[in-house]
There are 2 protein chains.
Amino acid sequence: MDSLTALQKFREYFEKYVPLTDEEWQALSRYLTVDALKKKRFYVEAGKVCDHIGLVVKGSVRYYHIKDGEEITGYFSFEDEMLSSYKSFLTRTPAANYIQALEDSVIVNLSHKNLKEACMNELLGFKMERFGRLTAEHYLICYEERITSFITQSPEERYADLLQTGGEALYRIPQHYIANYLGITPVSLSRIRRRIMKISA
Amino acid sequence: MDSLTALQKFREYFEKYVPLTDEEWQALSRYLTVDALKKKRFYVEAGKVCDHIGLVVKGSVRYYHIKDGEEITGYFSFEDEMLSSYKSFLTRTPAANYIQALEDSVIVNLSHKNLKEACMNELLGFKMERFGRLTAEHYLICYEERITSFITQSPEERYADLLQTGGEALYRIPQHYIANYLGITPVSLSRIRRRIMKISA
């Protein structure tokens, strides 16, 4: 994907929240970088400060923690989703998790320094503030849903939800990562899949 | 607690994020209400739309879900913490959880309608936007920490964290609610407490 197309996708994402004039977009785009993230490469690693917030415009990533030497998958992000280790990014402290590309990906990035400058920019300040509020609210809602799901759902229910919300993108995730995300073995996941297919057949 | 003191506490909370002139505060305070919430009464109930976002200025509340007839405690909030069923409040959809007063409490509330009007107010618009962004980011960080804790910590580790962050307020929560929050029986919690006391003795 060429840089112009990638930037255009960022503009479309931004304008779902806050419309921009061409002049404002010109100003904003100067703060952005378009970066390739090859499969298996890290967007952030535990113990390091996450210096970017980005938009996935192509590909996908997996969020995971390491506990007692084992990977524990927390989440996946696909095209048109923001990504960052938010706490690390916002507080400038080391991240607790890894974010790794599942596929060859393209990310439109805003560094911490550039975000700060864009917020101070007279032309952009108010719109950046509003975009910041609306996206923070959006992810607050996502996180609330994930906490509710942790508290109230069985792995089978969480898988059924994932099928409903993930759509086709789900087929791009290796099954063992999905099992890991649900906190079950790949064998248990196969069993759940067979049960669900029987019900919907 | 009288209303003036309650409002003053809200101002102090707001100004930790965004300073206000006296004139701006006069304008903002007109959108606020001071409400008593008696012990055991509900701030929000599952199935109903949460119409307020508030600040606890006295007392405490417990967040919980009901799953198969059983209460599952998700969180507690004390003085100087915001409360809302955020997804319900922001999207105007029925809440998934209950928020119930643990003690006789006082809440400074901003209704959905008043928040919208305050954001449109010429004098306040930009500051409300910034306050909104900063508090949404603050709770995004809190939620990220809770998800990390769900994924990576044992009940014992979560209890140790709770002791560290909760401070004295923790002694105001009945033990069976703390056990319920940790997903263990009250007997297991007693065992963990004895173990921790031995280590720190």
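**Entry 1: symmetry**

By what turn and what shift along the axis can chain B be laid on chain A? I looked this up before anything else. The model is a predicted one. A turn of 180° and a shift of 0.0 Å along the axis bring chain B onto chain A, with an RMSD of 0.0 Å. The two copies are thus related as by a two-fold rotation axis.

Next I asked which residue of chain B comes closest to the rotation axis. I found R133(B), whose C-alpha lies 1.9 Å from the axis. I also checked the contact surface. The same surface serves both copies, since 100% of the contact residues of chain B recur in chain A.

**Entry 2: the interface as a whole**

I counted contacts between the chains. On the chain B side there are 31 residues, and they are in contact with 32 residues of chain A. I then took the buried area. About 3300 Å² is buried between chain B and chain A. Carbon and sulfur atoms give 71% of that area.

Which three residues supply more of the area that chain B buries against chain A than any other three? I noted E129(B), L140(B) and I151(B), with 20% of that area.

I turned to polar pairs. The rule finds eight salt bridges across the interface of chain B and chain A. It also finds 18 residue pairs in polar contact there, both residues being at pLDDT 80 or more.

I then sorted the chain B side by element. Four elements each supply at least two residues to the side that touches chain A: β4 (61-67), β5 (70-77), α3 (86-91) and α5 (125-152) of chain B. The most comes from α5(B), with 19 residues. By residue class, I read 13 nonpolar, eight polar and ten charged on that side of chain B.

I went back to R133(B). This residue sits in helix α5 of chain B. Is R133(B) buried or exposed? I read a relative accessible area of 15%; the cut-off for buried is under 20%, so R133(B) is buried.

I listed what R133(B) touches, leaving out residues up to four places away in sequence. The list is E129(A), G132(A), R133(A) and A136(A). I then followed the charges. A network of salt bridges links E129(A), R130(B), R133(B) and E137(B). I also looked up R133(A), whose side chain meets that of E129(B) in a salt bridge at 2.4 Å, N to O.

One distance for the record: R133(B) and E157(B) are 24 residues apart in sequence. In space they are 31 Å apart, C-alpha to C-alpha.

**Entry 3: a bridge between chains at E157(A)**

I looked up E157(A) next. Its salt bridge is with K67(B), and the closest N and O atoms are 2.9 Å apart. The pair crosses between chains: E157(A) is in helix α6 (residues 155-166) of chain A, and K67(B) is in strand β4 of chain B. I checked both ends for accessibility. E157(A) counts as partly exposed at 33% relative accessibility. K67(B) is partly exposed too, with a relative accessible area of 21%.

I searched the whole structure and got 32 salt bridges over all chains. I picked one within a helix in each chain.

In chain A, the side chains of E117(A) and K113(A) meet in a salt bridge at 3.5 Å, N to O. Both residues lie in helix α4 (residues 112-120), four residues apart, about one turn of the helix. E117(A) counts as partly exposed at 36% relative accessibility. K113(A) counts as exposed at 55%.

K113(B) counts as exposed at 56% relative accessibility, and E117(B) as partly exposed at 38%.

**Entry 4: helix α2 of chain B**

Which residues of helix α2 (residues 22-29) of chain B are buried? I listed E24(B), W25(B), A27(B), L28(B) and S29(B). I then asked what covers them. The cover includes α1 (3-17), β1 (32-37) and α5 of chain B.

Key:
Residues are numbered from 1 along each chain as its sequence is written. Chains are lettered from A and ligands numbered from 1 in the order in which they are written. This is a predicted model: local features need pLDDT of at least 70, side-chain atom pairs count only at pLDDT 80 or more; totals for chains, interfaces and linings use all residues. Side-chain values use heavy atoms; hydrogens and water are left out. Copies are superposed by least squares on the C-alpha atoms of residues with pLDDT of at least 70 in both. Contact means heavy atoms within 4.5 Å. Buried area is the accessible area (1.4 Å probe) that two parts lose on being put together, summed over both. A salt bridge is a side-chain nitrogen of Lys or Arg within 4 Å of a carboxyl oxygen of Asp or Glu. A polar contact is a pair of N or O atoms within 3.5 Å; within protein, one must be able to donate a hydrogen and the other to accept it, and residues adjacent in sequence count only if both atoms are side-chain atoms. Ala, Val, Leu, Ile, Met, Phe, Trp, Tyr, Cys and Pro count as nonpolar, Asp, Glu, Lys and Arg as charged, and the others, Gly among them, as polar. Buried means under 20% relative accessible area, exposed over 50%, partly exposed in between (1.4 Å probe, protein chains only).
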